[in-house]
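Biologist: Could you walk me through this model? I'd like to start with the surface and then turn to the helices.

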Amino acid sequence: MNSLLLFEARRNIKHWLSYIIAFTLVVLGTFCGSQFNLTVGEGIYLNSPYSIGFMVGMLSLSIIFFAIIYASQQLFKDWDSKFDMILFSLPLSKRTYLQGKFLNYFLQTFLSFLFLIIGFILGQNTRTGSEMQPYFNLWYYLYPVVILGFINCLLVCSFLFFIAYSTKRKLLVVTGGLLLYVLYMVVLLFSNSPFMAGSLPQSIETQQLSALSDPFGLSAYFLEAKVFSVAQKNHSITPLSGYLLTNRLIFIVFSGLFLFLSYRLFSFTTSSDKGSGKKNDLFSAPYIVLSDYITAESDFGFRASFRSVLSFAKIDLIYLFKSVSIIAVSILLLFAVGMEMYAEIEKGIRLPQKYASSGLMATTISENFHLLGLLIMTYFINDLYWRSQSSGFILIEKSTHFSKNKLSGHLLSASILIFFFTGILIIEGLTFQLGYHYFHIDWIAYSGTILFNTLPLLLFSGFILLINDFSKNRFIALGISVLVVFIFAGPASKKIIPYPLLRIFSDFKGVYSDFNGYGIYTTAFAERLFFGIGLVAFLWILNRSVATKKWNKNRWLGIAILLAAGIFSGYHFMKGYIPQNKEESITKAVLYEKKIQDL
């Protein structure tokens with residue numbers, strides 16, 4: 001048994017985080033199994049072998065994200081911890097090292113997928129109803145896990161392993177994994193997949209080509225089961241033959257090729273160690289410049305305070321835009337919104353194609369960016385706020401005079417990040433317009449994305465920063481922040497908070513008209529947004545006063561002005577509002593019908 005594999009396995013077994021991850025994946029899989037209702041045809045049961053194979057294949061997409069996360073942690077661990085010089089000085093062969101690393105990486109990724117599938121099995125078999133068969137067959141689940149899950153995991157892990165150990169760059173690993181996901185979604189557009197039911201019908205030759213080139217095997221799975229009757233799909237597994245067998249063999253060969261290239265291209269030395277050719281000045285005589293001492297005067301005024309805010313923001317932005325996370329999030333955001341833009345324009349085979357107008361692109365951004373933006377900013381703000389504590393720099397940071405400006409610096413950097421995401425989505429919308437030869441650009445429509453998405457996200461970022469500032473633990477702050485997202489701005493926010501004025505982080509899902517734009521909704525939305533700005537600003541000033549223990553008149557005057565402005569704006573927003581009461585409406589309708597009958 002490989003010694004590196006045994007060492008990593010013992011370490012993972014003893015680590016408490018591994019059990020939390022496994023439990024979370026089982027819970028997530030249980031939710032998927034109990035709630036997902038993807039139908040693959042009329043009369044086909046949800047727990048039929050055909051439906052289970054389809055669902056396991058779709059869930060195998062999660063392998064990409066598991067593999068990216070584990071690759072950035074496991075495969076680069078030796079270089080990140082500076083342990084590579086010690087480890088590689090031991091009598092360790094390249095084959096033993098790579099074999100141990102890959103087996104640990106592959107097993108960790110596949111076990112995460114397996115926990116997800118275990119939860120899916122538990123969740124699906126708790127369901128009852130006419131869409132479920134009255135018996136359980138374990139083979140229906142094991143078969144697709146082997147031919148789809150196992151081979152897909154082998155392909156993804158070997159591909160990312162090849163990129164990691166041939167380039168030794170995290171950014172390329174993350175980008176390669178996301179491009180593999182994008183490639184898969186593009187291939188699905190050319191297959192006869194129920195998941196892409198709105199796509200145009202393809203010829204037999206195109207479907208066969210898709211079946212051979214689909215890296216996850218779903219196109220081949222659908223093509224092989226295309227001739228099955230409803231009864232066969234309900235009681236028979238899709239055989240491993242024909243295009244499905246060919247597809248699986250092709251990508252097993254590709255996996256082996258990636259592993260072979262990884263072995264051939266890997267070197268124990270990093271690229272920076274090879275042929276540097278630079279003179280070693282470590283022991284050269286230092287150059288000393290003698291000068292008189294200069295006494296610097298301390299400046300703690302407004303200008304110095306403002307420059308400290310800019311300094312905090314600059315440090316955050318350098319950290320953000322040099323990290324892999326921004327690249328990965330940008331690619332996923334552009335792809336997710338881009339797919340929705342394409343779907344809104346094409347509208348499938350039953351509806352006519354729409355013009356790629358600025359209004360259509362702007363409303364598509366508003367419908368899809370808001371919730372994704374809330375979750376993205378929740379992660380990045382938590383990461384920025386707790387970074388100094390994670391690195392052990394917090395004690396030095398708090399010893400400085402302007403450490404109280406850290407929160408303002410984080411808000412400024414978060415604001416720039418939000419405008420960056422908004423900007424790339426607007427550029428994507430313009431690209432779609434130019435691609436579909438619609439050259440009339442309506443900037444008023446695109447300005448709605450700033451009002452309905454960017455400004456609520458800025459307001460939300462300020463509130464989330466307060467939550468992180470109040471919390472004593474990073475993960476508790478992250479959990480509360482995610483809870484705030486779903487309570488105040490999630491799909492169920494209207495049920496949880498029926499009073500519309502308090503939903504200050506919510507978005508606008510209306511349409512844009514070429515005649516009157518967004519109509520009166522812009523004014524109403526701005527009024528509620530201004531109320532939210534007054535409320536969050538009041539909380540910021542209150543937090544600053546409590547932290548510094550200074551309660552001066554100017555601060556109290558600012559609190560009074562903000563509260564008054566927010567209350568005034570909220571009053572105008574709620575003016576004329578009549579709450580809906582369904583029971584009362586039904587009662588009135590019944591009484592009216594009785595009154596008419598009596599007449």
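Modeller: Leu103, Leu107, Leu111, Phe115, Ile118 and Leu122 make up a nonpolar surface patch that has about 470 Å² of accessible area together. A patch takes residues with over 30% relative accessible area and no salt bridge, joining nonpolar side chains (Val, Leu, Ile, Met, Phe, Trp, Tyr) within 5 Å and like charges within 9 Å; a salt bridge is a side-chain nitrogen of Lys or Arg within 4 Å of a carboxyl oxygen of Asp or Glu, and areas are Shrake-Rupley values with a 1.4 Å probe, where for residues only the protein chains shown count as cover.

Biologist: What kind of model is it?

Modeller: This is a predicted model, in which local features need pLDDT of at least 70 and side-chain atom pairs pLDDT 80 or more, while totals for chains, interfaces and linings use all residues. Residues are numbered from 1 along each chain as its sequence is written, and side-chain values use heavy atoms, without hydrogens and water.

Biologist: Where does phenylalanine 115 sit?

Modeller: Phenylalanine 115 lies in helix 7 (residues 94-124), helices being DSSP runs of H or I with at least four residues, numbered from the N terminus.

Biologist: Switching to helix 20, is it largely enclosed or open?

Modeller: Helix 20 is largely enclosed by the rest of the structure, because 21 of its 28 residues are buried (under 20% relative accessible area; over 50% is exposed and in between is partly exposed, with a 1.4 Å probe and protein chains only).

Biologist: And histidine 437, buried or exposed?

Modeller: Histidine 437 counts as exposed because its relative accessibility is 61%, and its place is in the loop between helix 19 (406-435) and helix 20. Its phi is near 60°, a positive value in a residue other than glycine.

Technical notes:
Helix = DSSP H or I, 4+ residues; strand = E, 2+ residues; numbered from the N terminus.
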